[in-house]
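Hi there,

Here is the structure I promised to pass on. Have a look at it first, and my notes follow below.

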Amino acid sequence: MLIDTFKRKIDYLRVSLTKQCNFRCQYCMPDTPDDFFDNTAISLPKLLEFIKIAIDNGITKIRITGGEPLLRADIAEFIAGIYTHKNDVEIALTTNGFLLEKFAKSLKDAGLRRINISLDSLKAERIKTISKRDALPQILRGIESAQNVGLGVKLNMVALAQTRDEICDMLEFGRERGILVRFIEFMENTHANSQLIALKSSEILETIASRYKITPLFKEHFGPARLFTINAKAKDGRAYAFGIIAPHEDDFCASCNRIRLTSEGVLCPCLFYQDSVNAREAILSGDKEAMSALLKQAVFNKPEKNQWSGEELKVSERAFYHTGG
Ligand code: SAM
Ligand code: SF4
């Protein structure tokens with residue numbers, strides 16, 4: 001079992017499969033050249049060996065992310081490898097949805113259970129502005145395909161001033177389809193568009209409260225969101241729930257159960273900090289003892305809190321497409 005120095009049980013590994021992406025979201029990597037190629041990414045069979053060791057050390061939940069993880073052509077084999085090693089490990093994936101229509105069935109067949117799809121707007125022009133890709137129809141088809149093959153779907157929307165008028169529409173979109181929508185507070189980082197105006201959780205709640213009565217629920221299982229219901233029914237007849245991910249709030253880190261692995265084999269104890277443990281050589285050489293020791297070191301190094309919370313706003317230098325947001 002992996003326990004950090006603040007007595008948090010670390011059972012959740014997020015793995016970034018690539019720094020590459022087919023979008024250029026304003027809050028993530030707006031200035032990365034179109035032809036950027038991730039030439040340091042480790043092969044998926046080698047990353048899989050690390051993941052097996054992490055599972056043997058007590059990791060029970062794995063989220064595959066990036067960059068855009070569906071750019072790795074052998075991703076279904078990778079998931080099948082995790083599933084075959086231990087079939088009760090929760091395997092989930094975060095994607096921008098652009099290639100999902102093509103992959104949904106093979107991912108489900110491989111053992112994927114849940115998928116988070118990023119959807120920042122329901123207006124084609126706005127998606128184009130935010131992601132620099134005319135992608136809305138493909139994302140919508142990806143969402144539909146994921147639901148059709150039986151994947152558990154959640155939607156992530158980074159809450160921006162420019163899309164504030166769509167927050168309630170997004171809730172209705174999720175409600176009609178039986179999908180949980182989670183609004184994410186923008187996390188300030190040096191790679192994002194500095195002109196971006198983002199919404200805090202209080203502003204998101206105010207916007208929703210202008211149309212619905214909100215009731216706080218509890219914190220999400222297997223996720224960092226606080227959940228709420230609105231006074232409108234979901235498909236199953238219960239009050240429809242939505243989530244807010246608010247890393248600027250003071251208690252956000254108290255229940256953090258995660259550690260991250262980048263595509264080049266670097267372990268990151270916290271999304272905010274540059275601090276990391278380099279496991280690249282151990283992974284490339286397949287040194288199991290070293291991989292296990294480095295994982296424990298990264299857990300030991302985990303800081304108590306990020307620095308988005310607190311009085312003074314701090315900006316992270318870490319690129320999310322690198323660490324795996
Ligand atoms: N490309 C995939 C996607 O967009 O879903 C996976 C990687 S992306 C880095 C993972 C999640 O991080 C997405 O939901 C994205 O919206 C979110 N994200 C990226 N940069 C962010 C930022 N600066 N603040 C808050 N969320 C961010
Ligand atoms: Fe790509 Fe995801 Fe970053 Fe957008 S948030 S640029 S889709 S990695």
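Let me start in the strands: I64 has L93 as its bridge partner in β3. That pair belongs to a parallel pairing of β2 with strand β3 (residues 90–95), which runs over four bridges. Between these two strands the chain passes through helix α2 (residues 75–85), and this β-α-β crossover from β2 to β3 is right-handed. Please keep in mind that the model is predicted.

β2 also pairs with strand β1 (residues 12–16), again in the parallel sense, here over five bridges. The link from β1 to β2 goes through helix α1 (residues 44–56), in a β-α-β crossover that is right-handed. Within this pairing, Y12 finds its bridge partner in K61 of β2.

How buried is strand β2 (residues 61–65)? Five of its five residues are buried, so the strand is largely enclosed by the rest of the structure. In a regular strand, side chains alternate between the two faces of the sheet. For β2, both faces are covered: one side has K61, R63 and T65, the other I62 and I64, and all of them are buried. Buried here means under 20% relative accessible area, counting protein chains only.

Best wishes

Note on methods:
Residues are numbered from 1 along each chain as its sequence is written. Chains are lettered from A and ligands numbered from 1 in the order in which they are written. This is a predicted model: local features need pLDDT of at least 70, side-chain atom pairs count only at pLDDT 80 or more; totals for chains, interfaces and linings use all residues. Side-chain values use heavy atoms; hydrogens and water are left out. Buried means under 20% relative accessible area, exposed over 50%, partly exposed in between (1.4 Å probe, protein chains only). Two strands pair if DSSP finds at least two bridges between them. A crossover is right-handed if, with the strands pointing away from the viewer, the path from the first strand over the helix to the second runs clockwise.
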